[in-house]
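Welcome! Grab a viewer and a pencil, and try each exercise before reading its solution.

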Amino acid sequence: MEKESEVFLLGSWFSSYCTRVRLALEIKGIQYEYIEQDLTNKSQELLKYNPVHKKVPVLVHKGKPIVESIVILEYIDDCWKTAPKLLPEEPSERAKVRFWINYYDQKVGPSTKVVLVCNGKERDKAIEESNELLKVLEEGIARDIPNRSPFLNGENPGILDVVIGSSACNVEAFNEAIGGVDLSLEKYPCLFELVTVLKNSPIMKKSLPPHIDLVAKIREKFNLNQDA
Ligand SMILES: N[C@@H](CCC(=O)N[C@@H](CS)C(=O)NCC(=O)O)C(=O)O
């Protein structure tokens, strides 16, 4: 069935990759239709629009599907040029931002998922590794992006704020779901400040999934059904 809206998003409420896109659309003030997907029973639409990965998020703009969250964020910035910019204009600044997005997706994100699937000593090791990666991120941002106020992008949240914020704002839900571990961001003043500002922003409040539902979903997804 063809959708009437010019922009629609196939997503899943608990996916931080989808939160990225929702956040970017909100920042830009773009009207869109949201279509929740059942990832256990993928729709014909999802298979049609993302035949390679069969994953959400998928943004469909004027009938054209765009997939992969970072590709979508850059596409949004390229198409809606007048609204607040997600990426800096200056090439070396853009390169730095892209570097840290890549670092986050390749290193930090996967390391926190390892914490969720390990127990005992393995979990302690995974937490240590995760902390080391966060320390590198913290120091790197402080070095590469000195003019942060209050977001990494300046006055409005940019692509790096969106990427880090979408999952880092869920840290409390992860801690509660796992139980007994503390992946506290307070050790990282720059990241902590960013997450605090983002969490209190109306845009983020609108785009983040409810805490209690997220805790339940993380437990279900990672088989953490102990009463933590
Ligand atoms: N690299 C992708 C990752 C997207 C992704 O992993 N989506 C998950 C939801 S969080 C998904 O659709 N999973 C369904 C599946 O793996 O079958 C992106 O940045 O968009």
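The exercises below walk through a predicted model.

**Exercise 1. Find the residues that lie nearest the centre of the largest pocket, and the elements that line the pocket.**

Solution. 
- Step 1: Start with the space itself, which comes to about 950 Å³ in the largest pocket.
- Step 2: Look to the centre of the pocket. Of the 38 lining residues, Ser15, Ser16, Tyr17, Lys113 and Ser167 lie nearest to it.
- Step 3: Now go through the elements. Those giving two or more residues to this lining are helices H1 (16-28), H3 (69-79), H4 (91-117), H5 (120-144), H6 (159-168), H7 (171-178) and H10 (211-221).
- Step 4: Pick out the main contributor. H4 gives the most, with 7 residues.

**Exercise 2. Describe the lining of the largest pocket by residue class and by domain.**

Solution. 
- Step 1: Sort the lining by class, and you get 22 nonpolar, 9 polar and 7 charged residues.
- Step 2: Bring in the domains. Domain 1 (7-79) and domain 2 (91-221) each supply at least three residues to the lining of this pocket.

**Exercise 3. Classify the aromatic pair of Phe8 and Tyr49, and say where its two members sit.**

Solution. 
- Step 1: The model has 4 aromatic pairs, and this is one of them.
- Step 2: Take the geometry. The rings of Phe8 and Tyr49 are 6.1 Å apart, centre to centre, with 70 degrees between the planes. An angle over 60 degrees counts as edge-to-face, and that is the class of this pair.
- Step 3: Phe8 belongs to strand E1 (residues 7-11) and Tyr49 to helix H2 (residues 44-49), so the pair links parts of the chain 41 residues apart.
- Step 4: Check the burial. Phe8 has 3% relative accessibility, so Phe8 counts as buried. Tyr49, at 7%, counts as buried too.

**Exercise 4. Are Phe99 and Trp100 buried, partly exposed or exposed, and how do their rings meet?**

Solution. 
- Step 1: Recall that buried means under 20% relative accessible area and exposed means over 50%.
- Step 2: Phe99 has 47%, so Phe99 is partly exposed.
- Step 3: Trp100 has 3%, so Trp100 is buried.
- Step 4: The ring centres of Phe99 and Trp100 are 4.8 Å apart, and because their planes stand at 85 degrees the pair is edge-to-face.

**Exercise 5. Which residue lies over the face of Tyr34?**

Solution. 
- Step 1: Centre your view on the ring of Tyr34 and look over its face: there you find Arg22.
- Step 2: Note the distance, which is 4.1 Å from the ring centre.

**Exercise 6. How many residues of H6 are buried?**

Solution. 
- Step 1: Count along the helix. In H6, 10 of its 10 residues are buried.
- Step 2: Read off some names. Among them are Ile159, Asp161, Gly165 and Ser167.
- Step 3: Link back to the pocket, where Ser167 is one of the residues nearest the centre.

**Exercise 7. What lines the largest cavity?**

Solution. 
- Step 1: The structure holds 1 cavity of 30 Å³ or more, and the largest cavity has a volume of about 50 Å³.
- Step 2: Its lining consists of Arg148, Pro150, Phe151, Leu152, Cys190, Glu193 and Leu194.
- Step 3: Sort these by class to get 5 nonpolar, no polar and 2 charged residues.

Notes: Residues numbered from 1 in each chain as written. Predicted model: local features only at pLDDT ≥ 70, side-chain atom pairs only at ≥ 80, totals over all residues. Heavy atoms only, no water. 1 Å grid on protein atoms, 1.4 Å probe; cavity = no way out; pocket = protein on both sides within 12 Å on 5 of 7 lines; lining within 4 Å. Points joined across faces, edges and corners; volume = space filled by probe spheres on them. Helix = DSSP H or I, 4+ residues; strand = E, 2+ residues; numbered from the N terminus. Nonpolar A, V, L, I, M, F, W, Y, C, P; charged D, E, K, R; others polar. Domains from an automatic or database assignment. Phe/Tyr/Trp six-rings, centres within 6.5 Å; stacked < 30°, edge-to-face > 60°. Buried < 20%, exposed > 50% of the residue type's maximum accessible area, 1.4 Å probe, protein only. Lys NZ or Arg CZ within 6 Å of the ring centre and 35° of its normal.
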